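Biologist: I'd like to learn how to read a model like this one. Could you walk me through a few features?

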Amino acid sequence: MGTDRLFMYLDDLAAAETGSSKDLWPDVRTRLEKQIQMTARKQRITRAAAAGVAVLALIIIGLVLTPQGRVLAGTVYRFFIRTDHLAPAVKPQPTRWIAPDLNQAGGDAGYSELSMNALSSLDELRSRVPFTVMAPAVVPAGYRFQGGFQEENHVVLQFAQEDDLGFILLIQSGPGGKALTLTAVSEEATVESLQVGENRAEFVSGVFIRKADETEFSWMEGEAVQQTLRWEANRRMFTLIGRGEGVSKEILLAFANSLTDQGKLVQVLPTPAPLSGVEEPFPLRLEEVEKTAGFAAVLPSELPDSYQLMGGAYQPEGKVVELWFSERPEEPVLRQGLTIRQVVLTEGEVNPLPRFVLGTYGVDQSPQVQGEITETRVGEWPAQYVVGTWQLEETGAKWLADPWMTRLRWQTDTRAFQLSTWGAKLELDDLLRIAASMDQGAE
Amino acid sequence: MPAFDSTDLGDIQQLREDNHNALEGLVERHQTRALRTAYLICGDPDEAADIAQDAFLRAMEKIAQFDPSRPFAPWFMRIVVNLALKRCLTQARAYSLEGGETIWEEILASPQVGPEEETSRRILRERVREALRRLPPRERAALVMRYYLDMPEAEISRELGGPLGTVKWWLHRAKARLRAETALAGWAERKGKG
């Protein structure tokens with residue numbers, strides 16, 4: 001792409017969005033006049049303050065130099081240091097929740113603290129900082145770990161939604177670390193007490209906002225803004241900040257409760273495309289799915305302990321039924337478990353379940369099919385098994401051999417199946433055992 | 001780009017003598033580029049107008065620091081970029097998706113261009129907007145400074161406080177992303193024209 005063309009694209013977009021005949025001068029002039037008035041007022045205040053200081057200095061000299069003055073000064077001093085019951089009660093504030101002077105802090109609500117540092121992997125961060133970097137054992141569905149960075153005595157891990165519209169930040173300090181301005185909430189905030197493990201935590205839904213025509217930040221509460229969960233453990237501050245659709249108190253709590261200093265982050269990208277409905281990918285009960293699909297789903301008679309059927313969905317295009325079995329049914333917001341997709345095959349039609357393609361795909365290259373597909377069998381039927389998932393990157397995507405995401409697909413004369421794990425450690429033998437327990441003859 | 005205009009110098013001189021009305025001439029000559037630059041970085045037309053206004057006022061305050069032997073536009077545009085970038089980080093919500101939808105009635109009613117051409121153009125704009133939206137603010141600023149304001153990479157590096165190599169990498173990545181997005185738009189265009 002040539003520089004000229006790039007300029008043209010940018011100019012065309014900006015011109016279309018900002019209009020070609022906008023005259024800024026009337027607004028600039030109005031602001032200019034206000035600014036001049038404020039400057040004049042400031043000068044008057046400064047002069048008045050200077051005069052006041054001079055008078056005060058004279059009074060102090062008088063108080064220090066005369067005996068009557070010293071007595072009066074003592075009385076005034078005692079008044080201010082009194083400790084009787086008439087002193088105004090101090091309003092208790094939640095621990096360390098502060099409303100800093102954001103304008104003094106750089107006028108950017110603390111986001112400048114997230115300077116555009118290069119992001120590092122978890123392993124790199126753990127080798128670099130002198131304290132233990134905690135990471136979630138599971139990541140809510142739809143989020144991917146972007147990377148992390150060190151900011152003074154803090155480590156920040158960034159998780160973004162696939163569409164980049166929402167994010168979760170995990171900010172953790174070293175021992176004795178102070179809170180970042182970014183994590184501040186107003187003293188007026190409604191604080192809900194919760195529990196993260198054995199530690200008391202505080203949850204707030206709100207954010208400091210400065211609108212375009214305002215000079216000061218104001219605190220705004222409510223849903224669809226920013227949600228903050230914060231707690232202290234082992235003299236370290238932990239803060240989870242979530243923004244965007246789908247972020248909720250329950251998600252932040254589940255995220256917080258899964259923090260560990262062991263192992264690796266579980267990547268759950270790409271999220272399985274929701275088969276129906278955007279908000280809840282598996283909204284139907286089994287009977288509803290079967291009724292909609294017009295056939296009885298084949299279910300496994302063997303599943304690992306704790307696995308539970310949570311719901312299902314039906315995809316009219318391709319007539320695919322998908323069932324969701326959670327490994328942690330007590331944490332329904334975590335997409336950790338197994339999906340079973342199945343479709344009844346009609347003679348002459350192509351299997352709508354996508355075949356496995358591994359490799360890399362980028363801006364500057366065609367898809368490179370590579371990687372390892374294990375050929376196996378489910379009973380008498382040929383099957384394929386892969387480990388990993390597609391990982392989205394800046395310039396394309398590549399196959400990531402993530403052991404927490406495995407796939408097994410096979411096809412009988414009448415049906416096609418695919419088992420997919422999401423953040424669950426089920427390997428080939430496990431999947432084969434589950435597959436073998438499915439009644440292949442059911443119709 | 002209005003790189004050097006002797007009229008600028010006259011207005012600048014008057015501003016230095018506290019004649020604030022001289023700002024009007026500078027606004028008139030530089031507002032379009034300021035507005036568009038701010039928009040490309042912050043992604044919101046109203047916000048961009050506010051940033052551009054701020055930039056003119058800021059330029060007036062700092063006019064004593066301006067070296068009159070050099071052109072005004074680059075000096076001023078650096079102020080615009082810095083304000084836009086700061087605002088962008090402040091809001092932490094750069095590039096709203098609002099306003100991106102196609103207004104079909106408007107396209108169909110437009111007598112000047114055929115709906116296919118206008119649709120293709122809108123798709124392309126949408127892609128460029130999307131590509132910009134996905135860039136981190138500082139990389140977006142680097143892209144705008146290099147390819148929209150034609151600033152040298154070394155100067156971008158100084159302004160954004162990043163090593164030259166990093167700036168080069170940002171630009172490479174940003175360009176690749178734009179290329180990918182606009183290539184898709186080109187495909188849509190070709191497909192639309194059948």
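Biologist: Which residues touch the most other members of the largest nonpolar core?

Modeller: A nonpolar core is a set of buried Ala, Val, Leu, Ile, Met, Phe, Trp, Tyr and Cys residues joined through side-chain atoms within 4.5 Å. Buried means under 20% relative accessible area, with a 1.4 Å probe and protein chains only. Here the largest core has 64 residues, and Leu23(B), Leu40(B), Phe76(B) and Leu143(B) touch the most other members. Another core, of 31 residues, lies apart from it; Leu125(A), Phe131(A), Leu170(A) and Leu229(A) are among its members.

Biologist: What is the mean confidence of chain A?

Modeller: This is a predicted model, where local features need pLDDT of at least 70, side-chain atom pairs count only at pLDDT 80 or more, and totals for chains, interfaces and linings use all residues. Side-chain values use heavy atoms, leaving out hydrogens and water. The pLDDT is the predictor's confidence in each residue, from 0 to 100. Chain A has a mean of 71, and 62% of its residues reach 70 or more. Over residues 79–117 of chain A the pLDDT is below 50, yet this stretch has 71 contacts (heavy atoms within 4.5 Å) beyond near neighbours in sequence.

Biologist: At what angle do helices H7 and H8 of chain B pack?

Modeller: Helices are DSSP runs (H or I, at least four residues), numbered from the N terminus. Axes are lines fitted to C-alpha atoms over the stretch in contact, and angles run from 0 to 180 degrees between N-to-C directions. H7(B) (residues 137–148) and H8(B) (residues 153–160) pack at about 145°, with axes 10 Å apart. Among the residues that meet are Met145(B) in H7(B) and Ile156(B) in H8(B).

Note on methods: Residues are numbered from 1 along each chain as its sequence is written. Chains are lettered from A and ligands numbered from 1 in the order in which they are written. Buried means under 20% relative accessible area, exposed over 50%, partly exposed in between (1.4 Å probe, protein chains only). Helices (H or I, at least four residues) and strands (E, at least two) are DSSP runs, numbered from the N terminus.
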